[in-house]
Structure formats: C-alpha cells, structure tokens
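Please walk through this structure with me, one part at a time, keeping the three-dimensional view open as you read. We will go from strands to helices, then to the core, and finish with a single side chain.

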Amino acid sequence: ERGLNERDPAFRPLFRLGGLVLLGALVAFGVYAVRVALWSPLPLVGEPPDDGYARAKGVVHIHTTLSDGGGTPEEVIAAAGSVGLDFIGISDHNNLDAKPVEGTHDGVVVLVGSEISTVMGHLLALGLEEDPAYRFSRGGLEDLDDVRDLGGFAFAAHPFSNREDLRWTGWHLPGPWGLEIINGDSEWRRAGPRALLGAAVYRLNPTRALLLGLNPPDEALARWDELLARRDVVGLYGADAHSRLPVTKSFALRFPSYEALFSLLRTHVVLDEPLSGDPASDREALLAALRDGRSYIGLDALAPAEGFFFVIESGGGERWTMGERVPPRDGLRARAGGRMPEGALVRLLRDGQVLSEATAGVEVDLPGPGVYRVEVRVPEWPVPWVISNPISVFD
C-alpha cells in the first residue's frame, strides 16, 4: 500500500489543498486578531440623565485567596481602583474572613458577604453584619432565614449553570430572594469554542476577548419575568470573579485578570445622594440599593453605561426609579434613555411583554398596573447593553 507522501504525484493536489486551507485559516485569524486588538468601546450619543439621582458603579460576587480566588483581598481592591469602580462585593465561599477589609480603600467601598452552599444551589449573601458562630444548614429555606437573621439578603447564584451541582433548584422557595440574571462563571462555561477563541486573543485585548464569551440571557430573563409575576425579585449581575483558571488539581493560571473581569459587566446603583466618603453611610446606602433593586446591569465593555436612566413620573411632579413601588393613579408616564450607543433600541416591557420601543429612548403613558422594566439592545449584539430592575405599579 502506498502511504501519504507529498512526493507521490497522486497526493500532491491534496497536500496543496491542505496547505491553502491552512494558509487561509491563518490569514483569517490574523485579520480577526488585528480587529480584536484595535477594537474599543462604542461611542455614546444623547443627553446625560436628568432624573435627579446619583450613580455608583461596581461589581459583586468576587472570590479571593480566602477561598478559591486567585488574588488576595488587597489585590482585588487595587484592581477595582485601577478600573474606576466605586464599590465591590467580596463573597468567598462559606466564610466572612474578608470582614477585616470591609470599608473604604482609596475611594473603593468594599462590601463583604459570602457565597453559601446549599442542597438547592448556591446563595450570594450580602449585608451580613457578623460571621455566624454556626454552619449554615444547607437546607435552602433555612439558609434564607439565617441570612435574614444576620441582617443580610440573598440572590440565587449562577442559577442556570451548565454544571448540575451548581444549578439553582429552589425556585419554589418563598421570597424575598433575588436572582443573578448574568453570572460570569456560567457565561464562560456555556461559551464552548468561543471561550477558546477568546483565550487565543486575550492578550491582544482582554475586555474584547471576554465579550466573545457572553451568551444571550433569554432563559434567565424569561424565568425572571415568571417570578416577577408573583413577587418582587431583584435582578443582579454576579461576576463570580476568581482570576484563576484551574489546569490541574495542583496548578491554576491567573486568568482572566480581575481588571478585565471588572471592566466587562457592572452593577450600576441609583442613589439619592452621591457617595459621601464616610465608610458606614456609604456601605448602608449601597446595600440598601442592592437589596431593593435600585440598580441596573450595564455591559460596560461594549459602551459605558453610567449615563442610562429609567423613571416613572406623575403629573404632580412625583418620581420613582428602579426598585421602587408606585401607587396606581392616572397620568403616570415612563421615561427611559440617556447616553447610549448610536442606534441603540430602548425597550419598555410590561409584565414581560414589549409595551413600547424606540431608538434613543422611550417616553410613554402607562396603561395601568404592572411590572415595568427596560432593556437596551445594540444592533447585531446578542446580549442587552442594559437590563434594568423593574418599577412596579401596584397597590
């Protein structure tokens, strides 16, 4: 039998074709790599928010070396400061060992919570006032009670993870508990080949590489709307940042960096007053906003999202923002918009159905009670640029 040999005239065309295919793939990857390297966030158009509220941007659900993270609490805080975050939420697994660093460090407010393992999945617990002198029961409902008894509030962490042991199953549990609409770890696990492509170009443009790993959150948004039909449910972005990619049981890469993860998606909270610099009052204001849902998710790597707003106003000059409840009355009007990428489509949803949509912003009279939330979508991009928490119009 004749083996494959490039000197054999019968196989020379195959070898030439293979070489051309390989060359074409290398050229295509080179062009793609150049585009990634030169890519930058989209420019913004429009007027700044005129809603009368202050903003603060941050990232929660961060792991450090106090559990399975790749950096110390001090390194995490420094990374947050380097990319301009106003606050972070450290939540190591089943402990509050980072409590000593809670406070304000060089302008970054550090909140310390915990990711709690239960038989129904994991809970992201924020606002815990003290480290309990007992282990959580791991029973789901009891853990929610324990979190509340300790002064905190909880979110279902990575509820749609590809890993069955990480997926949330406690959908029947009574509230109040919120939901991670997007979770960084789940995004990476679901990305498949796109994750490998992102890793290949990561050094060229880390933030753009991470953007490649994001997936449409359609399942999460549909489940969120189902829950909102029954009770208040705060939606959140959980970075699940580890800055550590396990290779073997004893070796892990410092990848991706905290700085890149903190630049991808952010939680933007809406405050009555700007952060004051006082650690105690700033902690209280941020925790209240996160607990009540006075916030929205912004895909800041695509374009900075701090210029977004969503309010409901009455004819008498009253105003409500995300996370608030509006007593039903005549003359209520919703407004959403701000500074956003050109061509962005602002979508106002009522009880999960699109009520109104327009480029640049919406302003519409409300037809009656309901749960109103906003999505802002950028053309040809599968992940919403902004996902707001709802404003509820109910008795």
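A residue is called buried when its relative accessible area is under 20%, and exposed when that value is over 50%. With this in mind, and remembering that the model is a predicted one, we can begin with strand β12, which covers residues 266-271. Arg266, His268 and Val270 point one way from this strand, while Thr267, Val269 and Leu271 point the other way, and all of them are buried. In a regular strand, side chains alternate between the two faces of the sheet. Because 6 of the 6 residues of β12 are buried, the strand is largely enclosed by the rest of the structure.

The partners of β12 come next. Strand β2 is joined to β12 by 5 bridges, and the two run antiparallel; within this pairing, Ala54 has Leu271 of β12 as its bridge partner. Strand β13, residues 295-298, is also antiparallel to β12 and is joined to it by 4 bridges, with Thr267 and Ile297 as bridge partners.

Strand β2, which spans residues 54-62, also pairs with β9, this time in the parallel sense and over 2 bridges. Here Val60 stands opposite Gly238 of β9. Strand β8, residues 178-183, runs parallel to β9 as well and is joined to it by 4 bridges, and Asn183 of that pairing likewise stands opposite Gly238.

We can now turn to the helices. In helix α2, residues 73-82, the buried residues are Pro73, Val76, Ile77, Ala79 and Ala80. Seen down the axis of α2, these buried residues fall within an arc of 160 degrees, so they line one face of the helix. They pack against β2, β3, β4, β5 and α8. Just after α2 comes Gly84, which takes a positive phi of about 80 degrees.

Helix α9 has 14 residues, 279-292, and reaches 20 Å from its first C-alpha to its last, close to the 20 Å expected at 1.5 Å a residue. Its buried residues are Asp282, Arg283, Leu286, Leu287, Ala289 and Leu290. Viewed down the axis of α9, they fall within an arc of 160 degrees, so they line one face of the helix. The face turned away from this buried side carries the exposed residues Ala280 and Glu284. After α9 comes Gly293, whose phi is positive, near 80 degrees.

In soluble globular proteins, nonpolar side chains tend to be buried together. The largest nonpolar core in this model has 96 residues, and Ile88 and Phe262 are among those with the most contacts inside it. Leaving aside neighbours within four places in sequence, Ile88 is in contact with several residues, including Val76, Ile77 and Ala80. A second, separate core of 19 residues includes Val109, Phe153, Leu236 and Leu286.

Finally, consider Asn205, in the loop between α5 and α6. Is Asn205 buried or exposed? Because its relative accessibility is 12%, Asn205 counts as buried. A polar atom of the Asn205 side chain lies 3.0 Å from the backbone oxygen of Trp39.

Definitions and conventions: Residues numbered from 1 in each chain as written. Predicted model: local features only at pLDDT ≥ 70, side-chain atom pairs only at ≥ 80, totals over all residues. Heavy atoms only, no water. Buried < 20%, exposed > 50% of the residue type's maximum accessible area, 1.4 Å probe, protein only. Polar contact = N/O pair within 3.5 Å; in protein donor to acceptor, adjacent residues only side chain to side chain. Expected span 1.5 Å × (residues − 1). Arc of directions from axis to C-beta. Core = buried A, V, L, I, M, F, W, Y, C linked by side-chain atoms within 4.5 Å. Contact = heavy atoms within 4.5 Å. Pairing = 2+ DSSP bridges.
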